[in-house]
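This report describes how the chains of the model shown here meet and how the copies are related.

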Amino acid sequence: MITLTTDFGGADWFAGAMKGVILRIHPGACVVDITHEIPPGNLKAGAFLLMAGCRFFPKGAVHLAVVDPGVGSDRKAIAVQTANGFFVGPDNGILSWALARDRILAIRQLENPKYFLQPVSRTFHGRDIFAPVAARLDRGLPLARLGRELTEIVRFPWPKAIRQGDEFRGEIVYIDRFGNAITNIEAEMLPTQGASACKVKVGRKLQCRLREFYRAAPENKPVALIGSTELLEIAVNGGSAAERFKLKIGEKVVVRQ
Amino acid sequence: MITLTTDFGGADWFAGAMKGVILRIHPGACVVDITHEIPPGNLKAGAFLLMAGCRFFPKGAVHLAVVDPGVGSDRKAIAVQTANGFFVGPDNGILSWALARDRILAIRQLENPKYFLQPVSRTFHGRDIFAPVAARLDRGLPLARLGRELTEIVRFPWPKAIRQGDEFRGEIVYIDRFGNAITNIEAEMLPTQGASACKVKVGRKLQCRLREFYRAAPENKPVALIGSTELLEIAVNGGSAAERFKLKIGEKVVVRQ
Amino acid sequence: MITLTTDFGGADWFAGAMKGVILRIHPGACVVDITHEIPPGNLKAGAFLLMAGCRFFPKGAVHLAVVDPGVGSDRKAIAVQTANGFFVGPDNGILSWALARDRILAIRQLENPKYFLQPVSRTFHGRDIFAPVAARLDRGLPLARLGRELTEIVRFPWPKAIRQGDEFRGEIVYIDRFGNAITNIEAEMLPTQGASACKVKVGRKLQCRLREFYRAAPENKPVALIGSTELLEIAVNGGSAAERFKLKIGEKVVVRQ
């Protein structure tokens, strides 16, 4: 099984071409889209989406992620084997948050041209390098054949939320289609006792209570809750929190007991 | 075979996570998207899309539909077996129009936690309840294992068009990507003889003739016809009727012989 | 394997219905989307996308393309066998650029109703004619069964770029999601020696150098390069060339050595 997470969009032929290349090499492959709608070139959105999506797939799956503004330059191409599967993509940080939650077994640079689609373009390594390598890993090619071992790769530090006395301080890291603002404040940081007494604030824009589900708030009112990624999120029951309160990625969020 | 009809959009990881969960439980599953672009929380649009899309799939298919603003509250989760297949989703009306065209054999509440993805979140039952149940039904799990039998579920009444003398009165129920306004006036209501004499009106906005296909109208002119769902629709040849005439869901449509 | 290239969008049930019909006829079919986001009715965008996407798929694949504003009128429906596979769609030019790069073995009109979904609507031949025919070709139905042989089909002339002395003159033929403006100037026209001395101009809007990859230009500056379809394209490193310079399809592009 191969998953795809890219910024190629649905309107062009890029994702289709990657699938064609995969299926030419590995006709029985099961290829599943996580998303192709990462905002163009947005590595952190890609890193978040890959982390959020990849862990529900079967063990051994190959996760192919391509947001690649540096394609054709000297940024490396890599494949990583973890306790849960394989990750393939450019070495620009896009894999970092998915890898941070996993045990890394080996990292290889993609440099063996035998496993690429020839001739390799300078503008579409998703098709020419990453897709063929993913197809071959899914067919069982040993990682070691791909190129030299690497010990360091580009990593984005996860913007860890912190505790200060009775307060937990974090920030908005992602805004989803429903306008829910997902923060970096992890469920396990928060008190399990008395959670419903917690107040959540975003600057002077918004203050609400921690509840268990969206409808626990009155219609059109804000509510904070633990979302499906085990992160605190801020929502509006029946509406978009991001639109209503003009929430942006990076804004500070404070939880007070 | 499992079909997916949701409001999760293509930009986030939600649909991907559901597919991952299905494939973990049932690696050989054939998962097909009907759409993930239902407007967020719009149950009636979801009910229409599911009804329109599901009937072209093979008998026995499992149709999973998730528009679920009440997720985590006390709304029920259900699975329904019909003469044509299975339907899985929240009990909030989203299944109603698809079920209205089908013969219902059994309805069960989803309450057996053994068939869920644990721990079950309070915000994403698509992933934690509906996807695992759909995967198991597709693998052959008997419906009766899922929970108690139900006799009543939430149903939206279909806004039936009516006949008054020489007139047929209905309304716009869906607007598609091309700007075609689909009504609730069914093909079989209309006269087969002399159909081309029928005049179709939307208030004072628009008047046109009933024709057989889009190009039967002059370029950029409105035309009414029987669309591919066997419902009367209003189109503009080479353009968008919805944009051109500012058509909205719920607007009254009259056909006069 | 069957690929789909349509203007049906992702929001409605049209693409899903086509897949359902295919899978009813051919349950083991591998159906892959190239795109469903061709602008409604835009035959040339469809022709470009099909040409760009189809050639990465395995030999023998069936490529189904539907942009069909004339559906239900007297435009023909066709299937074409080439050295690389099959192409199915309306005879309105949408197949032309894909076919121009391939060796045509046979062309048949789709007129044998036995291979259609009955009753055939007048507004959705994608579902009723093209999908069932594609499914049957993928299962091995001989092309000759579909209907009479044709020798002429609708073809869009490819707007070939020309050389005038030291200049190559072409135009923008497609703008992709990243805002890259793809031209009709083919890589093989351009000098391989001294390519980096080439200047590329779009009227008075934009002048830049030919480079090898996006990052070869300074951040936010324009750059021309040979894109992944072997065509000259104009990009902005880290931005959208189309937005920044208001580039449009059809605008003239000149390369000077």
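In this predicted model, the side chains of R122(C) and E212(B) form a salt bridge, with N to O at 2.4 Å. The rule finds 2 salt bridges across the interface of chain C and chain B. Residue pairs in polar contact across this interface number 11, with both partners at pLDDT 80 or more.

On the side of chain C that touches chain B, the element that gives the most is helix α1 (residues 14–25) of chain C, with 8 residues. By class, the residues of that side of chain C comprise 13 nonpolar, 10 polar and 7 charged. Chain C brings 30 residues to the contact, and chain B brings 30 residues. Between them the two chains bury about 2500 Å², of which 62% lies on carbon and sulfur atoms.

The counts for this interface are listed below.

| Item, chain C and chain B | Value |
|---|---|
| Contact residues from chain C | 30 residues |
| Contact residues from chain B | 30 residues |
| Salt bridges | 2 salt bridges |
| Polar contacts | 11 residue pairs |

The relation between copies is given for chain B and chain A. The copies use different surfaces, as 3% of the contact residues of chain B recur in chain A.

Conventions. Residues numbered from 1 in each chain as written. Chains lettered and ligands numbered in written order. Predicted model: local features only at pLDDT ≥ 70, side-chain atom pairs only at ≥ 80, totals over all residues. Heavy atoms only, no water. Contact = heavy atoms within 4.5 Å. Buried area = accessible area lost by both parts, 1.4 Å probe. Salt bridge = Lys/Arg side-chain N within 4 Å of Asp/Glu carboxyl O. Polar contact = N/O pair within 3.5 Å; in protein donor to acceptor, adjacent residues only side chain to side chain. Helix = DSSP H or I, 4+ residues; strand = E, 2+ residues; numbered from the N terminus. Nonpolar A, V, L, I, M, F, W, Y, C, P; charged D, E, K, R; others polar.
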